[in-house]
Amino acid sequence: YFQIPVIWEAPIVEDVHRFFEVMEAQAGKSMFVHCARNMRVSAFMYLYRVTKLNESEDVAVQDLHRIWQPNAIWQQLIDSVSPRPRPLSRKGRGEPNL
């Protein structure tokens, strides 16, 4: 079990890098990766797939958008980490009802 606390309103690049470290340390093992609403983890998985696994951005973004459209805060994080930033969010949707 690995917990990576991420503040919803203020995710940072270091959170993503910690996620990458955990994923790489568990490479080849079965894992269950989740968060309360799967919004944070879907953004992290998108970034892991396009950054570390060199998967197609078009495929990875479809999976991300099945869960949510990143809001402005999360879009900024995605853009700062992604090797190929592009607009993923439309209308800033994706705010959880906390």
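Q: Is the crossing of helix 1 and helix 2 left-handed or right-handed?
A: A crossing is left-handed if the near helix is turned anticlockwise from the far one by less than a right angle, and right-handed if clockwise; in this predicted model, the crossing of helix 1 and helix 2 is right-handed. Residues are numbered from 1 along each chain as its sequence is written, and local features need pLDDT of at least 70, with side-chain atom pairs counted only at pLDDT 80 or more, while totals for chains, interfaces and linings use all residues. Side-chain values use heavy atoms, leaving out hydrogens and water.

Q: At what angle do the axes of helix 1 and helix 2 cross?
A: Two packed helices are described by the angle between their axes and the distance between the axes. Here helix 1 (residues 13–25) and helix 2 (residues 39–51) have axes that come within 10 Å and cross at roughly 65°, which makes helix 1 roughly perpendicular to helix 2 (a term for angles of 65 to 115 degrees).

Q: Which residues of helix 1 and helix 2 make the contact?
A: Contact means heavy atoms within 4.5 Å; among the residues involved are Val 16, Phe 19 and Phe 20 of helix 1, and Phe 44, Leu 47 and Tyr 48 of helix 2.

Q: How do helix 1 and helix 4 pack?
A: Helix 1 and helix 4 (residues 72–81) pack at an angle of about 60°, their axes being 10 Å apart, and this crossing is right-handed. The contact is made by Val 13, Val 16 and Phe 20 of helix 1 together with Leu 77, Ser 80 and Val 81 of helix 4.

Terms used. Axes fitted to C-alpha atoms, helices over the stretch in contact; angles between N-to-C directions. Helix = DSSP H or I, 4+ residues; strand = E, 2+ residues; numbered from the N terminus. Parallel < 35°, antiparallel > 145°, perpendicular 65-115°, else oblique.
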